[in-house]
Amino acid sequence: MRVIGTAGHVDHGKSTLVKALTGIDPDRLAEEKAREMTIDLGFAWFTLGGGQTVGVVDVPGHRDFIENMLAGVGGIDAILFVIAADEGIMPQTREHLAIIDLLGIEHGLIALTKVDMIDDPEWLSLIAEEVRAGLQHSTLATAPMIPVSALNGDGMDMLHRTIEQVLSGIAVEQSYTTPHLPIDRVFTMPGFGSIVTGTLHGGLLKVGDEIELQPSGIRGRVRGIQSYKQGLQTALPGSRAAVNIAGIDHQDIQRGMVLSHPGIIVPTRLFDAHFRHLADASRPLEHNAEIKVFTGTSEATGHVRLLDHETLPPGADGWIQIRTEQPLAMLPGARFIVRYPSPGETIGGGVIIDPHPPQRWKRFQADVTDRLRLRADGTPEQRLAQAADAPEPLKRAALHARTGLDRTTFESALTAALDQELVVLLPDQTLIAAGRWRYWRESLIEIVSAFHHEFPLKAGIPREELRSRLGIRQAVFNALIAELDGIREAATLVSATSHIIQFNATQQTLVDSLLDQMNASPFTPPSVQEGMAAVGSDIYFALLALGEIVQVAPDVMFTAAAYHALIDGVQQLLDLHGSVTAAQVRDQFGTSRKYAIGLLEHLDSIGMTRREGDARVRSVRGGSSS
């Protein structure tokens, strides 16, 4: 299936020609019929001699509705450019030609309409030469030109045959990327609910598929599909499709949204692009100029940042970064058009290089423009690796969508990128650029090292603090920790394997003094508060980390030797009596109730014992004292 678009000046008889070609009037609005001009997008279709169905998108020709025109020409295979024989090329015609050129529409033909109004064959030939001269710098410079009359039918058979010839020369997409349908119309039907239409690109869309609308992120399901009034189970890329959506109210859908499988397209308000400034633009493009950007069926206002020019003169091209006020759903490699908002003027367009740049680039940086050139012209594996340089690892499907590569090329590039260690495959099967992975590794080691330098008496940095400072999610953090040989994790702390807590002479004197006091009365030692006052909080927590002392309650601590002796004593009492009380522990060790209760509550907390009335029995959890 193929889709062609009709373009040309409002008075050139486009809609009349489409009706003669298809039998369908593309002007569906009452205002269009009253004013006899196309205001919004119109849709029709016809069948060629070989049985091929061709969709037609009829776009407005009047300058006042050029932005509606932009919503319709982004998804066509070829252009049927309509020029009236009694008028020739008009200013609006030139703007349409520029847009077609900027969108990279390379296939098409010219319908020279209203030839019934020209009686002199020589005059008609002269007009045809003037039209050809006017097209010489466009993509339609060598396109076939067919004189036709929609009123009397002259040339219509030739027009059909020429359309068939043009479409037969366009390669059919064989390798799919990701299905996405830019929405150009939304409506409802009683008993069906929400229906959207558009031209499907990139892959298959099936009844029952879960879908997502971007940039809103709302999810639903494909209830039904029609293409040219025929019900389908599967829509093919390149076809016009009407998709009946379940689970989404039509009021939550609008033109400019993109329908795709979930998780494929991530909306953006900042993107990198290569831009071509039209030679006949009214003025140089200034850095930070206010613009309107059009891509697919969507539009947004924003500002353009010139990365390699102070100002961009008409006829020049350059690398730009656009920040939009509204989020856009886009994929790399998509074409876009730029207009000034007021007064309205089409000034250029280009190709989206990176829909999700990692940052707002500094201007006039060679490494930035080199990065963009590589993304645009590098090998598939290099482009894939650059697409994988994301704030967090990407699932395979999401990375595929970011590359803009077809499926066969993507799979081959992924294999090459893994072999060349350009990307890293993580245990959860997500992928990340090797450069970013190295950056995270180096950052983790640097943070841990700096922490040890600042806090030499601490065993390590809390893992959640470390993860937060790196700014990565849990699964990535776990994979990072597991890979690094020089890093260890114990409980909730992360440290370098080379890190050892060591006390200086002054600190060691304080430590020895405290341990002597505790050993002098091992089962009635100083309180936690007293111990911390004696050595300072840093040394106290270092002793806990080293296992020299064990804190069993907010104000109860023991030396490690005393703690293990208490554990053994409780075990013996349990063996002897089947239970143990605080009084028994107190009497057994000559301690006080405070220490006995603190110990037993600690043993409850680690699962070694559980409370039954005033006594403790062995817990079925079987906790450890280590």
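The protein chain carries 55 positive and 75 negative side chains, with 5 Å between the centres of the two sets; here Lys and Arg count as positive and Asp and Glu as negative, while His and the chain ends are not counted, and each charge is placed at NZ of Lys, CZ of Arg, CG of Asp or CD of Glu. The model is a predicted one, in which local features need pLDDT of at least 70 and side-chain atom pairs count only at pLDDT 80 or more, whereas totals for chains, interfaces and linings use all residues. Residues are numbered from 1 along each chain as its sequence is written, and side-chain values rest on heavy atoms, leaving out hydrogens and water.

The protein chain contains 19 helices and 33 strands, taken as DSSP runs numbered from the N terminus (helices H or I, at least four residues; strands E, at least two). Its radius of gyration, taken over C-alpha atoms, is well over the value from the globule rule (2.2 Å times the number of residues to the power 0.38), so the protein chain is more spread out than a compact globule.

| Quantity | Value |
|---|---|
| Radius of gyration | 36 Å |
| Span of the C-alpha trace along its principal axes | about 125 × 55 × 45 Å |

Buried residues, those under 20% relative accessible area with a 1.4 Å probe and protein chains only, make up 51% of the 626 residues. Among contacts (heavy atoms within 4.5 Å) with a separation of 6 or more, 64% join residues 24 or more positions apart.

Notes
Buried means under 20% relative accessible area, exposed over 50%, partly exposed in between (1.4 Å probe, protein chains only).
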